[in-house]
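Please work through the exercises below with the sequence and the structure open beside you, and try each task before reading its solution.

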Amino acid sequence: MDQIKFMHDQGFRAIEDTWHVGQKCGRPGKDRKTLSDLGMTMGVFVVDGGDNWKTSLTTGKTGI
């Protein structure tokens, strides 16, 4: 919770929540309450591991 409060003090108003995977029950609820109390939002950045890492124009790899 202290890290979330520190981030808020530094001007952040939204954070990513990927650390919730594997956390003990109850902690995500505390995180959400802290974020709500501070007026912050929580989001997630997800990358589908499927074809995203194959050779393509966006990877800069050759051999297409």
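The exercises that follow go from the overall fold to single residues.

This is a predicted model, in which local features need pLDDT of at least 70 and side-chain atom pairs count only at pLDDT 80 or more, while totals for chains, interfaces and linings use all residues. Residues are numbered from 1 along each chain as its sequence is written, and side-chain values use heavy atoms, with hydrogens and water left out.

**Exercise 1.** Describe the secondary structure of the protein and its order along the sequence.

Solution. Begin with the definition, by which helices (H or I, at least four residues) and strands (E, at least two) are DSSP runs, numbered from the N terminus. The protein then has 2 helices and 2 strands, and reading along the sequence gives the pattern α-β-α-β.

**Exercise 2.** Find the partner of Asp 37 in a salt bridge, and describe how the two are placed.

Solution. A salt bridge is a side-chain nitrogen of Lys or Arg within 4 Å of a carboxyl oxygen of Asp or Glu, and by this rule the count is 1 salt bridge. The partner of Asp 37 is Lys 33, with the closest N and O atoms 2.9 Å apart. Because they are 4 residues apart in helix H2 (residues 27-38), about one helical turn separates Asp 37 and Lys 33.

**Exercise 3.** Is Thr 34 buried or exposed, and which residues does Thr 34 touch?

Solution. Buried means under 20% relative accessible area, exposed over 50%, and partly exposed in between (1.4 Å probe, protein chains only). Thr 34, which lies in helix H2, has a relative accessible area of 11% and is therefore buried. Taking contact as heavy atoms within 4.5 Å, and not counting residues up to four places away in sequence, Thr 34 touches Met 1, Ile 4 and Lys 5.
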